Amino acid sequence: MSFLPRAIRPKAPPIKTQGIKTKVVPLIARSIVWDGEGRWIEPFLGSGVVALNIGPQRAVLADTNEHMIDLYRGIQDGAINGRSMRQYLEREGSELLDKGESHYYAVRERFNEHGDPFDFVFLSRSCFNGMMRFNKKGGFNVPFCRKPERFRPALVTKIVNQVEWARGAMEGKDWDFVVQDWRATIASAKPGDMIYCDPPYVGRHTDYYNGFTDEESDDLARALIATDASFALSNWLENKYRRNEYVDRWFSSHPQRTMSHFYHVGPQEALRNEMTEVVILSTCAAAEPVEETQKESSLPLFEAAELTDV
């Protein structure tokens with residue numbers, strides 16, 4: 001019996017990133033054919049939402065963002081758990097309520113000096129528009145969301161539950177979290193492995209940690225086409241203004257599965273636009289489409305763009 005395709009009702013991870021794939025997970029899970037015997041390989045782990053929901057027995061989960069890797073290593077080894085996260089968020093949330101934005105910036109400075117994963121979660125959940133952005137020196141530089149009451153009990157409990165869910169998802173499994181460039185990750189793939197790539201979107205300026213050039217996007221396409229492993233690649237396909245020529249240039253002959261959704265690039269309803277997302281597949285990894293185009297009525301590209309969406 002194949003491990004994939006299958007139906008999945010997705011859950012959100014404890015960290016937020018722009019372009020988070022929580023609501024795209026069902027499309028990914030039903031689009032791939034894979035027996036689960038090899039390794040699930042992600043060169044761009046991001047929020048970790050896809051791996052956590054897919055739940056393979058063996059995985060290589062890589063990113064150049066060491067803070068993301070440190071967070072999930074901490075959850076994996078038990079250093080970060082529901083109890084410790086609750087204690088931390090209640091303490092720091094109380095300080096934020098008392099001191100306001102000065103405490104946010106104190107935590108941001110502390111994080112940029114020491115890289116504590118608890119501070120990483122705090123910043124992710126209290127920064128402006130839930131964005132994740134670093135400057136050229138590697139410092140987190142997103143401003144405060146201006147909501148000192150951010151860490152109400154309901155949000156704290158939600159984050160705690162997400163940490164515990166993530167811990168349970170990886171418990172008893174052979175998952176290797178590594179900080180490395182995507183090239184090394186893909187080069188390590190073997191026949192029987194399944195590579196899932198969610199790179200920064202070409203032409204949409206959504207990179208959250210370091211630069212990802214058009215040349216690298218082309219190199220990524222070449223590497224995926226050449227690999228002996230199976231692969232799936234997420235990207236945007238088109239909106240009412242333009243189409244992603246990268247997809248047509250490199251993957252016009254590959255199986256594709258699509259869904260339409262809405263994305264936010266700002267706080268106003270006028271900035272809410274429809275976009276088609278595509279999952280591109282190697283031929284051997286393509287499941288029969290259940291429905292060629294799936295419709296989602298309100299999926300923001302930046303899921304945390306509205307701070308009420310926690």
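Helices here are DSSP runs of H or I at least four residues long, while strands are E runs of at least two, and both are numbered from the N terminus. By that count, this protein has ten helices and eight strands. What you're looking at is a predicted model, so treat this as a quick tour of it.

**The big picture**

- The protein has 310 residues, and 57% of them are buried.
- Take the contacts with a separation of 6 or more: 74% of them link residues 24 or more positions apart.

**Where α3 meets α6**

- Helix α3 covers residues 66-77 and helix α6 covers residues 117-126; their axes come within 9 Å and cross at roughly 115°.
- Since angles of 65 to 115 degrees count as roughly perpendicular, α3 and α6 are therefore roughly perpendicular to each other.
- As for handedness, the α3 and α6 crossing is left-handed.
- On the α3 side you'll find H67, M68 and L71, which meet P117, F120 and V121 of α6.

- V121 sits in helix α6.
- With a relative accessibility of 1%, V121 counts as buried, because buried means under 20%.
- Beyond its neighbours within four places in sequence, V121 touches P14, I15, L71, M85 and I159.
- M68 is 53 residues away from V121 in sequence, and the two are 9.6 Å apart in space, going from C-alpha to C-alpha.

- S234 belongs to strand β5, which spans residues 230-239.
- Its relative accessible area is 0%, so S234 is buried.
- The side chains of S234 and Y196 make a polar contact at 2.7 Å.

- R30 is part of helix α1, made up of residues 25-31.
- R30 has 23% relative accessibility, so it counts as partly exposed; that label covers values between the 20% and 50% cut-offs.
- Along the sequence R30 and P5 are 25 residues apart, yet in space they are 4.5 Å apart, C-alpha to C-alpha.

Technical notes: Residues numbered from 1 in each chain as written. Predicted model: local features only at pLDDT ≥ 70, side-chain atom pairs only at ≥ 80, totals over all residues. Heavy atoms only, no water. Buried < 20%, exposed > 50% of the residue type's maximum accessible area, 1.4 Å probe, protein only. Contact = heavy atoms within 4.5 Å. Polar contact = N/O pair within 3.5 Å; in protein donor to acceptor, adjacent residues only side chain to side chain. Axes fitted to C-alpha atoms, helices over the stretch in contact; angles between N-to-C directions. Parallel < 35°, antiparallel > 145°, perpendicular 65-115°, else oblique. Left-handed = near helix turned anticlockwise from the far one by under 90°.
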